[in-house]
Amino acid sequence: MATKMSPAMRRYVRRLAVCMTIYVVLIFAVGWLFRHAPPTGLLAWGAAVLPALPILGTFWTIFRLLEEETDEYIRHMLVRQSLFATAFCLSIMTVWEFLQNYDVVPSGNGGFGAAFFWFVGLGIGGMANAWVARKDCAPDDDDLEEAE
Amino acid sequence: MNNRLRVLRAEHGWSQQDLADRLGVSRQSVNAIEKGRYDPSLPLAFTISDVFGLPIEAIFLREGPSA
């Protein structure tokens, strides 16, 4: 694809990489801690919350991207992508909760929380945006004429 | 909203990328505006108007019969 990454998008990718790296380190470290030397009391609360922090950081990077992107059409597409992710996540969680309310499915989420489905929705929205971007960046007639 | 962006661009001999560079936006944005899939904000419409040296109403046209 011939699209150039905007400075805001480059910053987003960098921040996302940092958050994801910290997340991977923390999820293994905290998992190891709870298996080998389970903390108790307040320490257990603090340790359990640690892997959630980089996920919150990821939300912050997305909101920073929406704030910093200067190209209004790209920003419009990103907002649409985020709204799709929110609708996708809320739809799944709503259906799931009703299934649980009537004991059709067991309680608990098997480790798949709302954030997981929000990111899945964001990914699907991102694929839709990439498809639109590919159409938008196809050589237009004028460029073809120039090339001849 | 309809617009004459493509015609004006052709008159100047600019590619979509040329116009995008002049406007400080992506080529994707120029394409979306040209095809009528996205209506620009007023500040961007003024920038487009400055780049072509034309009033906004000479570039962007109301859809359907005008009042």
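Which helix holds both Glu68(A) and Arg64(A), and how many residues apart are they?

Analyst: Both residues sit in helix α3 of chain A, four residues apart, which is about one turn of the helix. Helices here are DSSP runs (H or I, at least four residues; strands are E, at least two), numbered from the N terminus.

A word on the ground rules. This is a predicted model, where local features need pLDDT of at least 70 and side-chain atom pairs count only at pLDDT 80 or more, while totals for chains, interfaces and linings use all residues. Residues are numbered from 1 along each chain as its sequence is written, chains are lettered from A and ligands numbered from 1 in the order in which they are written, and side-chain values use heavy atoms, without hydrogens and water.

Now the pair itself. Glu68(A) and Arg64(A) form a salt bridge, with N and O 3.2 Å apart. The term means a side-chain nitrogen of Lys or Arg within 4 Å of a carboxyl oxygen of Asp or Glu. Side chains of opposite charge can pair when their charged atoms come close.

Glu68(A) has another partner. Arg11(A) also makes a salt bridge with Glu68(A), and here the closest N and O atoms are 2.9 Å apart. This link joins distant parts of the chain: Glu68(A) is in helix α3 of chain A and Arg11(A) is in helix α1 of chain A, 57 residues apart.

How open are these residues? Glu68(A) has a relative accessible area of 16%, so it counts as buried. The cut-offs are under 20% for buried, over 50% for exposed, and partly exposed in between (1.4 Å probe, protein chains only). Arg11(A) is partly exposed at 29%. Arg64(A) is partly exposed at 29% too.

Glu34(B) and Arg6(B) meet in a salt bridge at 3.6 Å, N to O. Glu34(B) lies in helix α3 of chain B and Arg6(B) in helix α1 of chain B, so this pair ties together parts that are 28 residues apart in sequence. Glu34(B) is buried at 13%. Arg6(B) is partly exposed at 30%.

Back in chain A, the bridges connect. Through shared partners, Arg11(A), Arg15(A), Arg64(A) and Glu68(A) form one network of salt bridges. Over all chains, the count is five salt bridges.

Next, look at where the chains meet. Between chain A and chain B, the count is zero salt bridges. Polar contacts do turn up there: five residue pairs, both residues at pLDDT 80 or more. A polar contact is a pair of N or O atoms within 3.5 Å; within protein, one must be able to donate a hydrogen and the other to accept it, and residues adjacent in sequence count only if both atoms are side-chain atoms.

On the side of chain A that touches chain B, the elements giving two or more residues are α4, α5 and α6 (141–147) of chain A. That side divides into seven nonpolar, two polar and nine charged residues. Here Ala, Val, Leu, Ile, Met, Phe, Trp, Tyr, Cys and Pro count as nonpolar, Asp, Glu, Lys and Arg as charged, and the others, Gly among them, as polar. In total, 18 residues from chain A and 19 residues from chain B take part in the contact. Contact means heavy atoms within 4.5 Å.

Ser29(B) shows this meeting at one point. Ser29(B) lies in helix α3 of chain B. It touches Asp71(A), Tyr73(A) and Ile74(A), leaving out residues up to four places away in sequence. Ser29(B) is buried, at 1% relative accessible area.

Last, return to helix α1 of chain A, where Tyr23(A) is found. Tyr23(A) touches Pro51(A), Pro54(A) and Ile55(A), not counting residues up to four places away in sequence. The C-alpha atoms of Tyr23(A) and Pro51(A) are 5.7 Å apart, although the two residues are 28 residues apart along the chain. Tyr23(A) is partly exposed at 27%.
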